[in-house]
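User: Hi, I am new to this structure and would like to understand the words used for it. Could you walk me through a few of them?

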Amino acid sequence: MTELAADPVIAVVRAPSIPDAAALCAALVAGGIRWVEFTCTTDGVTAHLARAAAARTGCRLGLGTVLTESQARDGLGAGAEFLVTPGCRAEVARAAGAAPVVMGALTPTEVAAAVELGAAAVKIFPARAFGPGYFKDLRGPYPATPLVASGGVSAQNAGSFLAAGALAVCAGSEVVAPDLVAAGEWGELTRRARAFRGALEQTRARPARVGGAPGGGRVRSSRGRRPR
């Protein structure tokens with residue numbers, strides 16, 4: 001996950017239809033986002049993965065919402081370089097082989113289970129539930145576990161998640177809006193990706209303020225206590 005730490009945004013494509021997966025990836029790369037996660041909730045996702053992989057756009061391609069061994073095998077066979085699960089899935093870990101798995105979790109117990117299953121990183125979902133302060137708390141018992149923030153991450157709070165200890169963040173519909181994907185609005189996707197990355201870099205350049213409230217307010221928390 002060293003490369004992800006240096007380029008810490010994963011665009012999550014959760015769209016009902018994708019007219020041109022290669023053009024989608026090229027648009028995101030042009031906006032500065034090079035990690036792209038297609039999801040099993042899109043019909044024909046493995047065909048989209050295969051087209052994107054064949055186009056060699058410079059993306060690191062992944063398959064998300066993976067629940068079964070067959071989905072994992074099909075995704076890897078189509079060109080996925082990493083897998084993402086919504087929760088702890090032992091069967092996906094077995095099928096992944098040497099491919100890294102970003103395994104979903106929320107509670108400290110689930111983080112431990114994901115680590116025991118060999119997850120390369122643990123996706124905290126939904127990150128909006130407790131905010132950036134929760135990542136700072138998790139760094140206590142899990143200082144060496146790479147954490148990825150997903151769900152409720154925006155251009156405004158992404159930097160706070162990284163400052164609190166997240167390895168990377170997931171950019172969802174704020175960047176990869178399903179209607180824009182379906183309409184093939186690649187120029188707009190590039191603009192949104194560039195804006196997200198720009199806001200993230202500006203936030204990282206400022207002194208860190210770790211907040212945790214879903215609405216964006218600061219949260220005072222102590223170890224062992226959930227942010228309120």
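User: Why is T85 called buried?

Analyst: Buried means under 20% relative accessible area, with exposed over 50% and partly exposed in between (1.4 Å probe, protein chains only). T85 has 0% relative accessibility, so it counts as buried. This is a predicted model: local features need pLDDT of at least 70, side-chain atom pairs count only at pLDDT 80 or more, and totals for chains, interfaces and linings use all residues. Residues are numbered from 1 along each chain as its sequence is written, and side-chain values use heavy atoms, leaving out hydrogens and water.

User: Which residues does T85 touch?

Analyst: Contact means heavy atoms within 4.5 Å. Leaving aside residues up to four places away in sequence, T85 touches V66, V92, V101, V102, M103, G104 and K123.

User: What makes F135 and F161 an edge-to-face pair?

Analyst: Rings of Phe, Tyr and Trp (its six-membered ring) pair if their centres lie within 6.5 Å; planes under 30 degrees apart are stacked, over 60 edge-to-face and the rest tilted. By this rule there are three aromatic pairs. The centres of F135 and F161 are 5.3 Å apart and their planes stand at 80 degrees, so this pair is edge-to-face. Both F135 and F161 are buried.

User: How do you know that K123 lies over the face of F125?

Analyst: For a charge over a ring, NZ of Lys or CZ of Arg must be within 6 Å of the ring centre and within 35 degrees of the ring normal. K123 lies over the face of F125, at 5.4 Å from the ring centre.
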